[in-house]
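Here is my note on the two-chain model you asked me to look over. Please read it with the coordinates open.

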2 protein chains.
Amino acid sequence: MEFVTGVKQKETLEISDILAEDMIGKEVKLNGAIHTIRDMGDVAFVVLRKREGLVQTVFEQGVTDFDLKELKEAATIEVVGTVAKEDRAPNGVEVRLKSIRVLSEPTEPMPIPIGKWKLNTSLETKLALRPISLRNVRERAKFKIQEGIVRGFREFLQKQGFTEIRTPKICAKGAEGGANLFKMEYFHKPAVLAQSPQFYKQMMVGVFDRVFETGPVFRAEKHNTKRHINEYTSLDFEMGYIDSFEDIMAMETGFLQYTMELLQKEYAKELKMLGVQLPKTDKIPFVRFDEAKKLVSEKYNRTIKNPFDLEPEEEVLISQYFKEEADADFVFVTHYPSKKRPFYAMDDPADNTYTLSFDLLFRGMEITTGGQRIHDYNMLVDKIAKRGMSEEGMEAYMSIFKHGMPPHGGLGLGLERLTMKLLGEENVRETTMFPRDLSRLEP
Amino acid sequence: MEFVTGVKQKETLEISDILAEDMIGKEVKLNGAIHTIRDMGDVAFVVLRKREGLVQTVFEQGVTDFDLKELKEAATIEVVGTVAKEDRAPNGVEVRLKSIRVLSEPTEPMPIPIGKWKLNTSLETKLALRPISLRNVRERAKFKIQEGIVRGFREFLQKQGFTEIRTPKICAKGAEGGANLFKMEYFHKPAVLAQSPQFYKQMMVGVFDRVFETGPVFRAEKHNTKRHINEYTSLDFEMGYIDSFEDIMAMETGFLQYTMELLQKEYAKELKMLGVQLPKTDKIPFVRFDEAKKLVSEKYNRTIKNPFDLEPEEEVLISQYFKEEADADFVFVTHYPSKKRPFYAMDDPADNTYTLSFDLLFRGMEITTGGQRIHDYNMLVDKIAKRGMSEEGMEAYMSIFKHGMPPHGGLGLGLERLTMKLLGEENVRETTMFPRDLSRLEP
């Protein structure tokens, strides 16, 4: 009988392995994709793309046991060679090749020059060729940083006593209602794709007190803007036993602090590659919605058109105001008008035309909506009735309030938007691996 | 200007806080949901449910500043009291109450006795009342362990150089084809819900070499069995530069080893609560598909009916065989017939009616399908043609092979099934938070 006993150390090394001081002069085995070949005649620089970055190998006629003419960009190869110091190479070392073994070969030349440092290609083209354009090391670095943000979210919340949950994406009813629901048929019953895990995460607060989820949400928004996509990753948490909605803002601030530190520590290479300056998160200003509108109207000489909502331009100006006044990249805008918030938002007892809720703006754009939720059954029933809504299809959701819920609240954070603003990108599609929008269902 | 500066230490303590030796005799503040009240006359035991477990508090007439008659099960409260040693209480301590403040109250009595140790309720009822039934501490423990499995998967793979990815769930075409696709309309275009991230994770192998995803997948299977649900969590990984499909099995074995250790270390409380004996993972036997059929047929006197597929009963017998012969809970069955595997599976060059693929059986049930994939463009084109399939709608997928892909492979693991078998449950719905099946779209 034969057995698998676990992961065995491979002979082939990674970039970090060959960077150790005592590796100079040693013979090593490497594999990777040929990112570029620079043929200088008798010598050629063959740069390999590996998961940790790029590594320069040197082909030398007569020394390397291979025919350079048979080496193609985008082939994957395994090589044997000797590590040498070379200040002009990435990471300061190169591998002088003894032999090359081809693992696979392309059948067509690259449609875009992914080997270039900056991929000077239109967003349209990059997206159409996504599986290929992401092979550019700066393009892929964006998604390495995005991974870091999700890790930061999970690691921080786990340390804070949160439990990770997985809630269904095919649902009978949307949590936010409205027109932006994708509809489908589920075994002859009408169903929708989850706009948000809202109802489910509240249900799970009754179970685990503090819960989070990092999953896809679906919005059938019919407008094509630089900040909307129709399927995105929502970082959601919901927590019980809060004293006020400020506990939610404090938790989000803690997440941002933890994550910026994690990025600095473990994603420094990618940050440097993209020239990213991390924002300060030690203290984040907060301001009431109505106050923010007034401040901006006064400072920038702007008439308030709609007192119940923020226009995108106002979001930009509020951010600009707090950047100028407090050197802040983030600002919490609190107490949104009740009529602009979903039914489950807790109204402010001091003035129930406002809610105990907030948005977080980051460099001019809303990246989070959060707040305290109603936890009292009768208050919820009243608000649903006052809005002329029906409880139909929400029986399970209503049941948690009948059977006791602690004061609680939470938030949802758009991962792709946060990544976009962090990286200084102008379009959320730049930081979405495979975006879905009005005209894009592929790749 | 006011600022949020991060998470502040709260006055209210968690169970682990009050278990410290020097807490005996100290006055503490706690909050929680009233799990049960046992009224003994002058004294009452009020058990609070908190995220870390249960804690016994003691109400004493004349000592506790509250009217016991006004205290309801399922209310959430904040209490002040003194920590005392009490061997008969959970964790060996109780809190003698000085005062109680009610945070929220239920409006109806519990529909099921969630305060009981074992919830002797039918699965139907538990699922219908999911948001409430999960408040039972043994029910919720299942999902704490499930969280641990996902953590193990991510942590292990991250240490092995994998990058986490997020791929779209609304797609133009299914990766596996067939009848079990959920269809929908996407802005007047036909679309489907992802059956698997297969195409996308292969695309991303060309970018990051090693990738994983933990997300929902959707299967419109029309049969109602104990092992199928229509939306489940797939733990997927895909890795480049493999020497053979055995590298995939080794990686999965490493994941199982890491995860069992993590569960033992950080989820011991829940394992004990559910009486779970973790399986051994130091060595996992593997056997060829045809050989396994033969072994089972001989040992258990069973005629082989279908040489190209495993019947569920055969999966049970193969597991039984390796349990008896090698005390193994897991067994890899390798070299599945090509006609039963998707087009992208790599056929065995030694006999192309079989594939370089495997399933992992765990205690009688398939929990993983994996294997090496075709990485050569021409080989893939030939196989698609041989199957009478069309490349239409797969242009992006095909492009990665045109432009060079390393030898690679991967697997998909059903999280709910693995949890089910680990916990010794009989129905996958027991270990699915909010299952979706033929008759269930709610809660």
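This is a predicted model: local features need pLDDT of at least 70, side-chain atom pairs count only at pLDDT 80 or more; totals for chains, interfaces and linings use all residues.

The points below go from the relation of the chains to the interface, the cores and a few backbone details.

1. The contact between the chains involves 95 residues of chain B and 95 residues of chain A. On the side of chain B that touches chain A, helix α6 (residues 246–266) of chain B supplies the largest share, 6 residues, and the residues of that side comprise 49 nonpolar, 21 polar and 25 charged. The same surface serves both copies, given that 100% of the contact residues of chain B recur in chain A.

2. The chains are also joined by strand pairing: β14 (residues 284–288) of chain A runs antiparallel to β1 (residues 2–4) of chain B, with 3 bridges between the two strands. Within this region A:F286 stands opposite B:E2 of β1(B).

3. Which residues have the most contacts inside the largest nonpolar core? They are A:I318, A:V331, A:F332 and A:V333, in a core of 103 residues to which helix α5 (residues 198–208) of chain A gives the most, namely 7 residues. Leaving aside residues up to four places away in sequence, A:V331 touches A:I284, A:P285, A:F286, A:V287, A:I318, A:S319, A:F322 and A:L361. Another core, of 74 residues, lies apart from this one and includes B:L157, B:L361, B:I367 and B:Y377.

4. Two cis peptide bonds deserve a look in the coordinates. One joins A:E442 and A:P443, with omega about -5 degrees, and A:P443 is placed in the segment after α12 (415–423) of chain A. The other runs from B:E442 to B:P443, with omega near -10 degrees, and B:P443 lies in the segment after α12 (415–423) of chain B.

5. Two residues of chain A have a positive phi without being glycine. A:A74, with phi about 80 degrees, is in the loop between β5 (53–60) and β6 (76–85) of chain A; 26 other C-beta atoms lie within 10 Å, so A:A74 is buried. A:D327, with phi about 50 degrees, is in the loop between α9 (312–326) and β15 (330–334) of chain A, and because it has 8 C-beta neighbours inside 10 Å, A:D327 counts as exposed.

Notes. Residues are numbered from 1 along each chain as its sequence is written. Chains are lettered from A and ligands numbered from 1 in the order in which they are written. Two residues are in contact if their C-beta atoms, placed from the backbone, lie within 7 Å. Helices (H or I, at least four residues) and strands (E, at least two) are DSSP runs, numbered from the N terminus. Ala, Val, Leu, Ile, Met, Phe, Trp, Tyr, Cys and Pro count as nonpolar, Asp, Glu, Lys and Arg as charged, and the others, Gly among them, as polar. Two strands pair if DSSP finds at least two bridges between them. A nonpolar core is a set of buried Ala, Val, Leu, Ile, Met, Phe, Trp, Tyr and Cys residues joined through C-beta atoms within 7 Å. A residue is buried if 20 or more other C-beta atoms lie within 10 Å of its own, exposed if 12 or fewer, and partly exposed in between; C-beta atoms are placed from the backbone.
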